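Colleague: I am new to this structure. Please take a close look at how its strands pair, then go on from there to the packing of side chains.

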Amino acid sequence: MITNNTLGIIFANSHDALLGDLTKQRSMASLPFGGRYRLIDFALSNLSNAGIDKVGIITKANYHSLMNHVGNGKPWDLDRKNGGLAILPPYASPEAQVYKGRLEAIYGILEYLLESSEENVVLYDSDVVANIDMKNVLRYHKEKDAEVTVVYTRGDKPEGQNDMMDFRFDSDGRITAVNFEERMNCDYSLDIVVMGRQLLIDIVVSEINAGRVSLSHGIFSKGYGKYRIYGYEHTGYAAVMDSMESYYKANLDILKEDVRNDVFSRNNPVYTKTRDDMPAKYGISAKTKNALIADGCIIEGTVKNSVLFRGVKVGRGAVIENCILMEGTVVGRDSVVKNIITDRFVKITDNQQLDGKKDTPYIYKNSVI
């Protein structure tokens with residue numbers, strides 16, 4: 001099987017700086033999402049569901065929380081004697097330095113790639129929320145006899161990444177042009193790439209030796225005429241985390257039934273770290289409407305159009321609207337909280353009036369308001 005001959009590489013810190021305070025003390029990969037998940041769960045699950053049983057996670061900084069979350073990879077069936085899950089720190093070799101981009105990141109794990117025997121590699125950024133059938137991507141890659149296949153989607157390009165590529169194709173789906181300027185209604189990259197392992201090694205070494213710094217430019221901008229590069233269109237829901245606003249919107253998108261059914265497909269489940277907790281508890285005065293409420297929550301007030309992570313407590317008379325409340329947030333009695341993201345273990349005391357449209361939309365971890 002082609003999937004058993006494929007290695008997965010996930011970039012844990014892809015575009016951390018774009019999310020500001022959300023990723024100031026955590027990696028993009030470990031950012032909580034959707035009530036009980038982390039962003040890396042989507043990459044790991046998509047690879048695991050395709051039968052890819054060897055995955056390396058390239059880290060850079062703030063990866064303690066990530067390591068605690070992924071552990072030995074058991075939730076994704078990656079706890080194996082051969083292959084399995086590997087954490088690849090930034091100093092993978094004596095001469096390695098903290099990388100600035102994906103090219104240097106891959107160069108830093110060159111020994112890992114050289115010691116691997118898989119024919120193909122999937123390069124996967126951790127800032128994408130999407131349920132992608134990687135079996136179909138790999139099958140398409142093989143059918144087209146492609147040297148490189150990139151997963152793309154059609155729509156308005158996210159605004160935070162200035163170097164996000166959009167493509168032109170011929171009738172067979174082969175990329176004929178690469179642009180960086182298009183914004184509206186274009187075919188833009190999700191930074192999920194399949195290619196031969198040896199080809200990746202050759203390109204990375206060549207680009208580094210030439211003093212160049214961009215993997216995307218090395219493969220796509222100059223290579224679409226040299227290599228057989230194809231595009232695979234993902235037609236389902238996809239959100240790229242390139243700002244706090246995009247993170248906020250993507251979480252609230254999960255409240256829509258069609259989006260939720262697409263992202264959390266029964267055919268391709270999204271796995272996460274198992275945690276035993278009590279079911280959510282609703283008091284006699286609790287009211288909820290269009291809300292995603294995780295286990296361990298205690299609701300005595302009103303919750304509308306919001307995502308509540310595990311262990312959130314909403315006091316009697318409190319009103320929560322259009323909010324994302326991370327694990328352990330406590331909202332006191334008769335407080336009104338709207339359009340806010342709280343990080344973990346925030347405490348909002350009684351009788352507070354908070355509105356993210358008027359004040360700061362984000363409250364730091366462990367804050368007391």
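Modeller: Two strands pair if DSSP finds at least two bridges between them. Strands (E, at least two residues) and helices (H or I, at least four) are DSSP runs, numbered from the N terminus. This is a predicted model, where local features need pLDDT of at least 70 and side-chain atom pairs count only at pLDDT 80 or more, while totals for chains, interfaces and linings use all residues. Residues are numbered from 1 along each chain as its sequence is written, and side-chain values use heavy atoms, leaving out hydrogens and water.

Start with the sheet. It is open and has five strands, in the order E16-E19-E22-E25-E28, with parallel pairing. Strands E16 (292–293) and E28 (362–363) stand at the edges with a single partner strand each, so one side of each has no neighbour in the sheet. E28 pairs with strand E25 (residues 341–342) in the parallel sense, over two bridges. Take Ile341: its bridge partner in E28 is Tyr362.

Now the side chains. A nonpolar core is a set of buried Ala, Val, Leu, Ile, Met, Phe, Trp, Tyr and Cys residues joined through side-chain atoms within 4.5 Å. Buried means under 20% relative accessible area, exposed over 50%, and partly exposed in between (1.4 Å probe, protein chains only). The largest such core has 37 residues, and Ile10, Leu44, Val122 and Met134 are among those with the most contacts inside it. Elements giving two or more residues to this core include helix H1 (40–49), helix H5 (134–143), strand E6 (120–125) and strand E12 (229–233). Strand E11 gives the largest share, five residues.

Beyond its neighbours within four places in sequence, Val122 is in contact (heavy atoms within 4.5 Å) with residues including Leu7, Ile9, Leu47, Met134, Leu138 and Ile192. A second, separate core has 35 residues, including Leu103, Ile106, Val150 and Phe220.

Rings come next. Rings of Phe, Tyr and Trp (its six-membered ring) pair if their centres lie within 6.5 Å; planes under 30 degrees apart count as stacked, over 60 as edge-to-face and the rest as tilted. The structure holds 10 aromatic pairs. Tyr140 and Tyr230 have ring centres 6.4 Å apart and planes at 80°, so this pair is edge-to-face. Tyr140 lies in helix H5 and Tyr230 in strand E12, so the pair ties together parts 90 residues apart in sequence. Both Tyr140 and Tyr230 are buried. Elsewhere, Phe33, Tyr37, Phe42, Tyr247 and Phe264 form one aromatic cluster.
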